[in-house]
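Look at the structure below and follow the text from one part of the chain to the next. The account starts with charged side chains and then turns to the sheet.

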Amino acid sequence: MIIDTHTHLDNEKYYDDIDEVIQNATNNGVEKFIIPAASPKDIKRAVELSEKYENIFFAVGVHPIDIENYDDKFLLDYINHDKCVAVGEIGLDYYYTKETKDLQIKLFKHQLDIAVKYNKPVIIHIRDASQDSLEILEKYTQLKGVLHCYNADEMLLKLKDNFYYGIGGVITFKNAKKLINVFPKIPKNRVIIETDSPYLTPHPHRGKRNEPAYTTLVRDKIADLWEMTSKEVEDITTKNTKELFNIWKNYYLYACFLLFHYLQW
C-alpha cells in the first residue's frame with residue numbers, strides 16, 4: 001500500500017475528473033491521500049473531498065506565498081475536524097516572496113504554536129530559507145512533522161529526530177543529483193512518499209499533470225536507491241506515514257462518526 005502524503009486534489013485541475021484520478025491511483029495501489037489545504041480559498045473543497053471519500057484526509061494551514069491573507073479563523077474552524085491530520089502546508093519561501101520575510105517568520109511561528117496547542121504534526125514548505133527554517137524548527141522540540149519536497153539541504157538533516165522527509169517526483173529527475181547524493185543520509189524510518197500533484201510530475205511524464213498514481217514511480221526510484229523491493233519500500237514508508245500522521249486513529253474516529261449518524265438516521 002502507498003499513501004500519497006501531499007497531493008493537492010482540491011486544485012482546479014482535478015475538478016472535471018477527480019473520481020477517475022482517485023480510481024486510477026487506487027488501481028495502482030495508492031490507498032490513502034492527504035490534501036494540504038494551504039490557502040483559505042482551497043479549504044472547503046479539501047474538506048468536501050475528505051467527507052466524500054473515506055480514504056482522503058486533509059491538513060490546514062496558510063502557505064508562505066499566501067501569508068498576507070492569513071486569518072486564525074481559517075485554521076481554527078477546521079483543525080478539530082475528524083479528517084484533519086496536520087497543520088500545513090506552512091513554512092518559509094524567499095524565492096517568490098522575500099519581501100514578506102518578516103511577516104512569514106512571524107506567522108510561521110504562530111502556526112507552529114497552534115500545532116503545538118492542538119497536538120498536530122506539521123507539513124513544512126522551505127524554499128531558499130533553510131537557515132531560518134532550521135533555527136525556528138530546532139526550538140520546537142515537542143513538534144513532529146515532514147519537510148515537504150525535501151530540498152536536499154544537508155543542514156536540515158539536523159531535524160531528523162523529530163521530522164520526516166517528503167520525497168516526490170524530483171528524485172526521478174535527471175538533474176536531481178544533489179537529492180540523489182543526499183538521499184542515502186536520510187534514515188529509512190524518516191522517509192515518506194508524496195507527489196505534490198498536480199505539480200512536479202515525475203519522469204517520464206514531466207510536462208503533464210501530476211497525479212497520485214505516479215507515486216509508484218517515486219516508490220520504484222527509492223527501491224533502486226535502497227536496493228530493495230518496491231513492496232519493502234511501501235511497507236517502510238507506509239509505516240512512517242502512519243506514525244507521523246496517526247492516520248489510522250483519525251480513520252477510526254471518522255468511521256465511528258459516520259456510523260453514529262447512520263444509526264441516528
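D17 and R209 form a salt bridge, in which the closest N and O atoms are 3.0 Å apart; the term stands for a side-chain nitrogen of Lys or Arg within 4 Å of a carboxyl oxygen of Asp or Glu. D17 sits in the loop between β1 and α1 (18-27) and R209 in the loop between β8 and α7 (215-226), so the pair ties together parts that are 192 residues apart in sequence. Helices (H or I, at least four residues) and strands (E, at least two) are DSSP runs, numbered from the N terminus.

This is a predicted model, in which local features need pLDDT of at least 70 and side-chain atom pairs count only at pLDDT 80 or more, while totals for chains, interfaces and linings use all residues. Residues are numbered from 1 along each chain as its sequence is written, and side-chain values use heavy atoms, with hydrogens and water left out.

R209 also forms a salt bridge with E211, with the closest N and O atoms 3.5 Å apart. D17 is partly exposed, with a relative accessible area of 23%, and R209 is partly exposed at 27%, whereas E211 counts as buried at 10%. Buried means under 20% relative accessible area, exposed over 50%, and partly exposed in between (1.4 Å probe, protein chains only).

The whole structure holds eleven salt bridges. One of them joins the side chains of K231 and D235 (2.9 Å, N to O). K231 and D235 both lie in helix α8, four residues apart, which is about one turn of the helix.

Strand β7 (residues 163-167) is joined to β8 by three bridges, and Y165 has V191 in β8 as its bridge partner.

Strand β5 contains I124. Is I124 buried or exposed? I124 is buried, with a relative accessible area of 0%. Among the residues that I124 touches, not counting those up to four places away in sequence, are I90, F108, L112 and F163; contact means heavy atoms within 4.5 Å. I124 and F163 are 39 residues apart in sequence and 9.7 Å apart in space, C-alpha to C-alpha.

Conventions
Pairing = 2+ DSSP bridges.
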